[in-house]
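Please read them with the structure open beside you.

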Amino acid sequence: MGLDHPDVAVTLNNQGALFRRTKRFAEASRSYNRSLSILSRMLPAGHPYLAGLRNNLAILQTELRNAEAASDHARVAAAATRTAFGETNPYVAKALLSQAGSDILAERFDEAETAAKEALTIARSAYGELHNEVINAINMLSVVYNASGRQEEAIIALENALALALKVFGPDHVRTGTIYRNLGCTSFDLGDKVAALNALRKADDILDKSLRHVLSISDEPQRMLHLVDARSQMCIHLSVLIAMEPLGRWISSEAMRLVLRRKLIGLDYAYVHLHSLNARSGDYKQARWRELQLAIAQIQVAGTPTDTQTVEPLAAMMTEFAQLDREIIYEIPSQAWANLIANVNVEDIQNTLGARSALIEFVQYERYVPRTTGSKGARAAGAMCYLAFVVKQGMSGVVWAADLGEVSEIDTLIERYRTVLQGCDGLIVDELPMSTNATVTAEVTLGARLRQLIFGSLLEPLEGIDDLIVAADGALSRIPFSILPDEDGCRLGDVCGISYVGCGRDLIRRAVEPEATRAVSLVVADPDYDYGLFSEGQSSKPVDKFFTPLPGTREEGQAIAEMLGVNALFGVDARKDTLLSQKHPWILHLATHGFYFEMTKPDEFERWVQTSHDRSLETASDRLAGLSNPLLRSGIALAGANVGLSNDPRSSSGGLLTAAEVMVLDLRGTEMVVLSACETGLGDSFLGEGMFGLHRSFLFAGAKSVVVSLWPVPDAETCDLMQEFYRLLLTGAPRVEALRRAQETVRARQPDPAIWGGFILQGERRPLQHLVAS
C-alpha cells in the first residue's frame with residue numbers, strides 16, 4: 001500500500017477526528033495535515049474530499065481558538081463545497097456552520113449570524129422542518145446569540161431546537177440531551193439556577209442511558225470520546241449544584257451521586273470486558289485476543305516500526321484485534337453493562353463503612369463560569385479545581401463537601417514535596433540520601449502545607465475516624481497521604497490507617513464479589529536482566545545496563561517464598577513467559593525493577609522521528625517515552641530486560657512486562673499483588689479516568705488488591721519492610737494495618753519517609769481470605 005496511499009490518508013483523517021474529540025489537538029493537527037498533504041497531490045484543489053478535510057481543520061482550529069486559521073480553512077471549505085455541489089446543497093450548509101463557528105471565535109457576530117441563517121434556509125429547503133441538519137443550524141444560531149450577548153434569544157432558539165429534537169429523535173436521544181445541556185448552560189448564564197438544574201438533570205438522565213448502550217458496544221478509543229463529553233457535562237452540572245448549595249458543610253448527596261456515575265466509568269466498563277473475556281477459558285476468540293494483545297505490545301515496545309514489512313503486519317494485527325474486541329463486547333450480556341451505573345447511590349456506600357471509617361472521594365472538575373448578561377465574546381475558561389466529598393456511616397442522604405481550590409496550586413506543591421522527599425530529581429534506586437536537618441525541615445514544612453490544603457476543610461467530618469479510604473484523582477494519586485505531617489511532624493498515618501480505591505463504587509462492587517479459591521502463590525525476584533548473554537568474555541558488545549541488579553531482592557524473595565510455602569523464581573527463571581502462563585495465584589509477589597516513562601512531548605518526538613534514521617541512535621528511554629499508549633510506558637523488568645532494551649541484534653522485548661501485557665493475565669481469585677519495585681504506582685493521569693499504569697492493569701486483570709510504590713525505594717529497607725508485612729498478613733492482620741505496622745517498624749530505624757513511606761495499598765483492605773498456616 002505504501003505510506004502515501006489514499007487509504008492511508010482516509011485513515012489519518014479518521015484518526016485526526018479521534019484525536020480532536022479526545023483533546024489531543026497537536027496529534028489531531030498532524031493527522032489532518034498529513035492527510036491533506038497526501039490528497040492534495042492526487043486530487044484537484046476544489047475536490048469535495050479536500051473541502052471536507054479543510055472543514056475538519058476549521059473545526060480543530062476553532063477549538064484551539066485560532067480564529068484566523070479557523071476562518072481561512074472554513075472559507076476555503078465553503079467555497080469549494082459551493083463549487084462542487086451548488087449553492088443550495090446540504091453539504092454547503094455543513095460548511096457554513098463551520099464558518100459560523102470560526103466567525104464567532106473572531107467575534108464577527110453579524111457574519112456568523114448570516115452564515116448560520118443561510119445554513120438554516122438551505123437545510124429547511126432540502127429536508128423540511130423535521131430534520132437533524134435543521135436542528136444543527138438552529139443550535140448554531142443559539143450559540144451566535146449567546147456569544148453576542150443575546151441570551152434571551154438564545155433560550156428561544158434552544159427551545160425551538162428542543163421541540164424539534166423531541167419529535168425527530170425522541171426524549172431519550174443523545175442529541176436531545178445535548179440541547180438540554182445547552183439550555184442548562186444558557187439558563188445558568190441568565191442566573192436562572194432552577195431552570196439550569198432541571199435541564200441538566202434531564203441531560204444527565206439521557207446521558208446515563210446513552211452510556212449504558214454506547215460504551216457496551218464500543219472499543220477503547222470510541223469509549224474515550226464519549227467519556228470526554230460525559231466529563232464535560234459533569235463539570236457543568238457540578239458547577240450549578242455548587243452555586244445553589246455552598247460547600248464546606250454537610251449537603252445533599254446529589255453532587256456525590258453524579259460523581260459516582262461518572263468517575264472512572266471507563267475503567268469499570270473495561271473491567272467487565274476483561275472479566276467476561278477471562279470467563280471464556282479455552283475459547284478461540286479469547287486465545288486469539290490474548291495472542292494479538294501480546295504481539296502488538298511486543299512490536300510497539302521493540303521500536304516504532306518504519307519499514308513497510310513491519311508496519312503492514314502490525315496494522316493488520318491491530319485491525320483484527322479491534323474487530324475481535326468488538327465481537328467479544330457484543331456477546332457480553334447487556335445487563336452486565338447496565339448494572340455498572342444503575343442504582344449507584346451514597347447510601348449503599350455508607351452501608352459498607354464501619355462506625356469509625358470514612359471514604360473521601362476526590363474529583364477534579366472545571367468550574368463553569370457563567371456569562372454576565374449582555375457580555376460578548378468567548379466564555380471565560382474556568383479554573384480546574386479539586387472537590388472532596390466525605391462519606392460516613394449514619395449520615396443518610398448527606399455528605400460533607402469541600403472545594404480544595406485550584407488544581408495548579410496543589411499539583412505544584414505535590415511535585416515539590418516529591419522532589420524534597422527524594423532528595424533530588426531523577427533519584428537512582430539505592431542512592432536515597434539520609435535526611436539532613438535542612439531536608440527534614442523542608443519536608444515537614446512542605447508536607448504540612450500540603451496536608452492543610454487537602455485536609456484543612458475536612459477536619460470536622462473526619463474527627464474520630466481511624467480508617468480512611470481514599471479515592472484520589474489527578475496528581476493526588478502521586479502522594480501517599482499517610483506520610484503527610486502536621487506542623488509538629490505527626491504523620492496522618494499515625495492517627496488512621498489509609499487505603500485507596502479508584503472510586504467509591506469499588507466498595508459496592510467488592511461487597512458482592514464471590515469468594516476466591518486459594519491457589520498456589522508465585523514469587524518472582526532478582527531476575528538476570530542480562531539473561532547470561534552479556535557476561536564478561538561472552539560478548540564483545542556490552543549491554544546497556546539500564547537495569548542493574550538489586551541484591552536485596554533475592555533475600556526478600558527467598559524469605560517471602562518460605563513464608564508462602566513455595567519456591568521463588570530467580571535469575572534466568574524469572575521469565576516473562578512463565579509469569580504470563582500463570583493463572584490466579586493466591587498471592588503474586590514481584591521483587592524487581594519497575595519502570596515508568598513520562599511521554600515525550602509530541603512535537604519533540606515528531607522531530608526525533610523525522611531526523612533520526614539510524615536506529616542505533618535510539619535509546620531505550622527514547623523508544624519507550626515516545627509511545628502514546630501509557631500502558632506501554634510502564635511495567636516491570638524480568639529476565640532478559642537489558643537484552644530487550646539494547647541494540648544488539650539478538651534483542652527483543654521479551655524481558656519487559658508492560659502494563660498493557662499485564663491485562664491479559666487471569667488474576668481472578670488473586671488476593672493480592674505486591675510490586676516490590678520502584679515507581680510501580682505511577683502512570684499517566686486522564687481527567688475523569690484516573691491513572692493509567694501498572695497497578696491499574698493488575699486490578700483490571702482481577703487482583704483484589706495491589707501494593708505499589710510511588711517513588712524509587714531502597715533495596716535493603718524494602719526487604720525488611722516486606723518481610724514484616726507478610727509476617728503480619730499471615731497472622732490475620734488486615735492488609736492496610738499490616739502495611740502500616742510494617743512501615744512503622746522500618747520507620748523506627750529510618751525516620752526518613754522517603755525510605756519507608758512510598759508504598760500504598762490499592763483495593764481490598766481487609767485480611768486475606770482462605771488464610772491457612774503455611
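1. A contact, as the word is used in this point, means heavy atoms within 4.5 Å of each other. The model is a predicted one, and among contacts in the protein chain between residues at least 6 apart in sequence, 76% join residues at least 24 apart.

2. As for the chain as a whole, there are 31 helices and 17 strands, and of its 774 residues 56% count as buried. The protein chain exposes about 31,100 Å², of which carbon and sulfur atoms supply 53%.

3. Helix α5, which covers residues 90-105, has 16 residues and reaches 24 Å from its first C-alpha to its last, a span close to the 22 Å expected at 1.5 Å a residue. Because 13 of its 16 residues are buried, α5 is largely enclosed by the rest of the structure.

4. Both ends of α5 deserve a look. At its start, a side-chain oxygen of Asn89 reaches to within 2.8 Å of the backbone nitrogen of Tyr91, while just after the helix Glu107 takes a positive phi of about 60°.

5. Is strand β5, at residues 467-471, mostly covered or mostly open? The strand is mostly covered, with five of its five residues buried. Asp467, Ile469 and Ala471 point one way from β5, whereas Leu468 and Val470 point the other way, and residues on both sides are buried.

6. Which strands does β5 pair with? Strand β2 (residues 357-366) is joined to β5 by five bridges and runs parallel to it, and within this pairing the bridge partner of Glu361 is Ala471 of β5. Strand β6 (residues 497-501) also pairs with β5 in the parallel sense, over five bridges, and here Val470 stands opposite Tyr500 in β6.

7. A separate point concerns the open sheet formed by three strands in the order β10-β11-β12, where the pairing is antiparallel. Its edge strands are β10 (594-596) and β12 (656-658), each of which pairs on one side only, and the twist averages 30° from one strand to the next.

8. Within that sheet, three bridges join β10 to strand β11 (residues 634-637), and these two strands run antiparallel. A residue pair to inspect in the viewer is Gly594, which stands opposite Ile636 in β11.

Methods: Residues numbered from 1 in each chain as written. Predicted model: local features only at pLDDT ≥ 70, side-chain atom pairs only at ≥ 80, totals over all residues. Heavy atoms only, no water. Helix = DSSP H or I, 4+ residues; strand = E, 2+ residues; numbered from the N terminus. Expected span 1.5 Å × (residues − 1). Buried < 20%, exposed > 50% of the residue type's maximum accessible area, 1.4 Å probe, protein only. Polar contact = N/O pair within 3.5 Å; in protein donor to acceptor, adjacent residues only side chain to side chain. Areas by Shrake-Rupley, 256 points an atom, 1.4 Å probe, with all protein chains shown as cover. Pairing = 2+ DSSP bridges. Axes fitted to C-alpha atoms, helices over the stretch in contact; angles between N-to-C directions.
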